[in-house]
Amino acid sequence: MVRLSVNLNKVALIRNSRGADYPNLVQVALDCERFGAQGITIHPRPDQRHARYSDVAELRAACTTELNIEGYPAGEFIDVVLASRPDQVTLVPDEPGQLTSDHGWDTVGRAGFLREVLQPFQAAGIRTSIFVDPDPRMIEGAKAVGTDRIEFYTGPFAHQFKHGPAAAVAPFTEACQLAADLGLGINAGHDLNLENLAYFAQHMPGLQEVSIGHALVTDALYLGFEETIRRYLACLRGA
Ligand SMILES: CC(=O)[C@@H](O)[C@H](O)COP(=O)(O)O
Ligand SMILES: NCC(=O)COP(=O)(O)O
C-alpha cells in the first residue's frame, strides 16, 4: 500500500496571509487524518512564508499518523526537528528564498555533508529520507551516505506526463527498481495530482509514500478535504 502524506504548506500560506491562526493548521491536519490521510507533511523554509518552525512541535503533539518534516538541513531546521522528533525528516537541497523545490541532491558531490547531517537525526530515532532525481549515480550515492529512504523529485514526471505518460515515468521506474535492489525505502513527491498519481504509483514497484500538497489543497478548494482525500486514496488503491 502506498501511503498518502498531505503537505499543508499551502494551508499555512493562507493562514499567514492574515497574520492570525485561521485556518488552524493543527485542526486541518487532524481533519485530514480523520478523512484517511496516512501522514502529514510540512516544509518550513527559512523565510517561514508558509509552514513555520513553531508548527513542527504543534503538529508533533497533535498528529496520530506519520509526521514528515521536509527542508534544508541547517540551523533552526535541524534544532527544531531534533527537538520535536517527527517520524521522518526529508532533506531537500533548497536555497533560502527558493520559490519551490526543483531538484534533488548531488549525493556524490555533497556526500560528506549528507553523511554528517543524517547522523544526528538517525541517532535520535528519526527516519531519514533525501530528495533525489531519478539518476542511478545519485541513488547509489544516497545509499552510500546511509539514508533510510529517498524521495524522488517528481516535478519532471508531472511536466512530461501531459506529453506522454510512458516516457515520463520510464526513468522513475528504472530508478525505483535500482533503489529497491539497494534496499532503500522509496517515497516520491512534487506536482503529483489527480490526473497523474494513479499512473505514477502503478509504475513504481515498492513505492511506500507520496507527499502531495499544492494540487491536493487546490482540489480541496473545490471539493472539500474529505472528498479530495478520498479521490487521492482511490488513485493509490491497488498500486
Ligand atoms: C520537497 C517538495 O517537493 C515539497 O516539500 C515542496 O517543496 C513543497 O512545495 P511548496 O512549499 O512549494 O508548496
Ligand atoms: N515532498 C513533496 C511535497 O510534500 C508536496 O509537493 P507538492 O504536491 O506541493 O508539489
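The residues of the shell around ligand 2 divide into 3 nonpolar, 7 polar and 3 charged. The model is predicted. Of the 13 residues around this ligand, Asn 7, Gly 189, Ser 211, Gly 213 and His 214 come nearest. Two elements each supply at least two residues of the shell around ligand 2: strand β8 (209–212) and helix α10 (214–223).

Now turn to ligand 1. Its shell holds 2 nonpolar, 10 polar and 2 charged residues. Among the 14 residues around ligand 1, the nearest are Asn 9, His 43, Thr 100, Ser 101 and His 190.

Step back to the whole chain. The protein chain has 11 helices and 8 strands. Its C-alpha atoms fill a box of roughly 45 × 40 × 30 Å along the principal axes. A compact globule of 239 residues would have a radius of gyration near 18 Å; the protein chain has 17 Å, so the two agree. Buried residues make up 45% of the 239 residues. Take the contacts in the protein chain with a separation of 6 or more: 67% of them join residues 24 or more positions apart.

The strands come next. A closed barrel of 8 strands runs β1-β2-β3-β4-β5-β6-β7-β8, with parallel pairing. From one strand to the next, the twist averages 25°. Strands of a sheet pair through backbone hydrogen bonds, either parallel or antiparallel. Strand β1 (residues 3–7) and strand β2 (residues 39–42) pair in the parallel sense over 3 bridges. Within that pair, Ser 5 of the chain stands opposite Gly 39 in β2. Helix α5 (residues 111–123) packs on the sheet, where it touches β4 (88–91) and β5 (127–132). The direction of α5 makes about 150° with that of β5.

Some loops deserve a look at the backbone. The peptide bond from Tyr 22 to Pro 23 is cis, with omega near 0°. Pro 23 sits in the loop between α1 (9–16) and α2 (25–34).

Gln 48 is not a glycine, yet its phi is positive, near 50°. This residue is found in the loop between β2 and α3 (53–62). Is Gln 48 buried or partly exposed? Gln 48 is partly exposed, because 14 other C-beta atoms lie within 10 Å, and a buried residue would have 20 or more.

Asp 191 also has a positive phi, of about 65°, although it is not a glycine. The loop between β7 (185–189) and α9 (197–202) holds Asp 191. With 19 other C-beta atoms within 10 Å, Asp 191 is partly exposed.

Methods. Residues are numbered from 1 along each chain as its sequence is written. Chains are lettered from A and ligands numbered from 1 in the order in which they are written. This is a predicted model: local features need pLDDT of at least 70, side-chain atom pairs count only at pLDDT 80 or more; totals for chains, interfaces and linings use all residues. A residue is near a molecule or strand if its C-beta atom, placed from the backbone, lies within 6 Å of it. Helices (H or I, at least four residues) and strands (E, at least two) are DSSP runs, numbered from the N terminus. Ala, Val, Leu, Ile, Met, Phe, Trp, Tyr, Cys and Pro count as nonpolar, Asp, Glu, Lys and Arg as charged, and the others, Gly among them, as polar. The radius of gyration is taken over C-alpha atoms; the globule rule is 2.2 Å times the number of residues to the power 0.38. A residue is buried if 20 or more other C-beta atoms lie within 10 Å of its own, exposed if 12 or fewer, and partly exposed in between; C-beta atoms are placed from the backbone. Two residues are in contact if their C-beta atoms, placed from the backbone, lie within 7 Å. Two strands pair if DSSP finds at least two bridges between them. Axes are lines fitted to C-alpha atoms, for helices over the stretch in contact, and angles run from 0 to 180 degrees between N-to-C directions.
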